[in-house]
Amino acid sequence: MDIESELGLRRSLGRFATGVTVVTCCAPDGRTCGITANSFSSVSLDPPLVLWNIAKVSNSLQAYLDAEHFAIHVLTAGQQDMAEHFARADHTRYDGIEHTISGQNVPILPGVLARFDCRTREIHEGGDHYIIVGEVEAHTAADGAPLLFFGGEYRTS
Ligand SMILES: Cc1cc2nc3c(=O)[nH]c(=O)nc-3n(C[C@H](O)[C@H](O)[C@H](O)COP(=O)(O)O)c2cc1C
């Protein structure tokens, strides 16, 4: 696809407003991974399934493909800094970021609007991304305003 067509497609896709999540997992060597993602979607209630997409060029791709468990954190309107942090490509992803490690060996971020603790169920190839389907094993929800993404920008309304 030429650059003009890609920009046009990005512009049209950007007209779909989404929330913003951070998806976390641990690599087999114990390295903590976190990635800002707005490709999150619900798939099924019974069984409870959700999905997100990861770019094949992601530095942490292999960790997510190998992970038995991962967590999807839905960010609040006050967590844009966290979204920006986990959208940066670097290898010290949790420097200065408060977190705990769950019993399933997954990094957990506090203060989010919702969290879905998932077991990896299916991985599908989709062009330049992989589609990761997770079975929701536990979830939490809090009250508050969501962080939004629209037209390539963060919004709070
Ligand atoms: C709002 C927003 C949503 C994003 N959604 C995704 C996504 O769904 N999947 C993905 O692979 N990257 C997504 N990205 C890009 C990644 O966050 C970013 O490329 C990644 O953190 C770069 O580091 P890495 O290569 O070490 O993974 C998104 C970025 C932003 C700002």
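**Reading the core of a predicted model**

Mentor: Buried residues account for 36% of the 157 residues in this protein. Keep in mind as we go that the model is predicted.

Trainee: How many helices and strands does the protein have?

Mentor: There are three helices and twelve strands. The radius of gyration is 15 Å, close to the 15 Å the globule rule gives for 157 residues, so the protein is as compact as a globular protein of that length. Along the principal axes, the C-alpha atoms fill a box of roughly 45 × 35 × 35 Å.

Trainee: Okay, on to the inside. Which residues of the largest nonpolar core touch the most other members?

Mentor: General idea to start with: in soluble globular proteins, nonpolar side chains tend to be buried together. Here the largest nonpolar core has 23 residues, and Val 23, Trp 52, Ile 54, Tyr 64 and Phe 70 touch the most other members. The elements giving two or more residues to this core are β2, β3, β5, α2, β6, β9 and β10. Apart from it lies another core, of eleven residues, including Val 20, Phe 86, Val 112 and Leu 147.

Trainee: Let me zoom in on Tyr 64. What is Tyr 64 in contact with, leaving aside its neighbours within four places in sequence?

Mentor: Its partners include Val 23, Trp 52 and Ile 54, along with Cys 25, Cys 33 and Ile 132.

Trainee: And across the whole chain, what share of contacts between residues at least 6 apart in sequence join residues at least 24 apart?

Mentor: That share is 64%.

Key:
Residues are numbered from 1 along each chain as its sequence is written. This is a predicted model: local features need pLDDT of at least 70, side-chain atom pairs count only at pLDDT 80 or more; totals for chains, interfaces and linings use all residues. Side-chain values use heavy atoms; hydrogens and water are left out. A nonpolar core is a set of buried Ala, Val, Leu, Ile, Met, Phe, Trp, Tyr and Cys residues joined through side-chain atoms within 4.5 Å. Buried means under 20% relative accessible area, exposed over 50%, partly exposed in between (1.4 Å probe, protein chains only). Helices (H or I, at least four residues) and strands (E, at least two) are DSSP runs, numbered from the N terminus. Contact means heavy atoms within 4.5 Å. The radius of gyration is taken over C-alpha atoms; the globule rule is 2.2 Å times the number of residues to the power 0.38.
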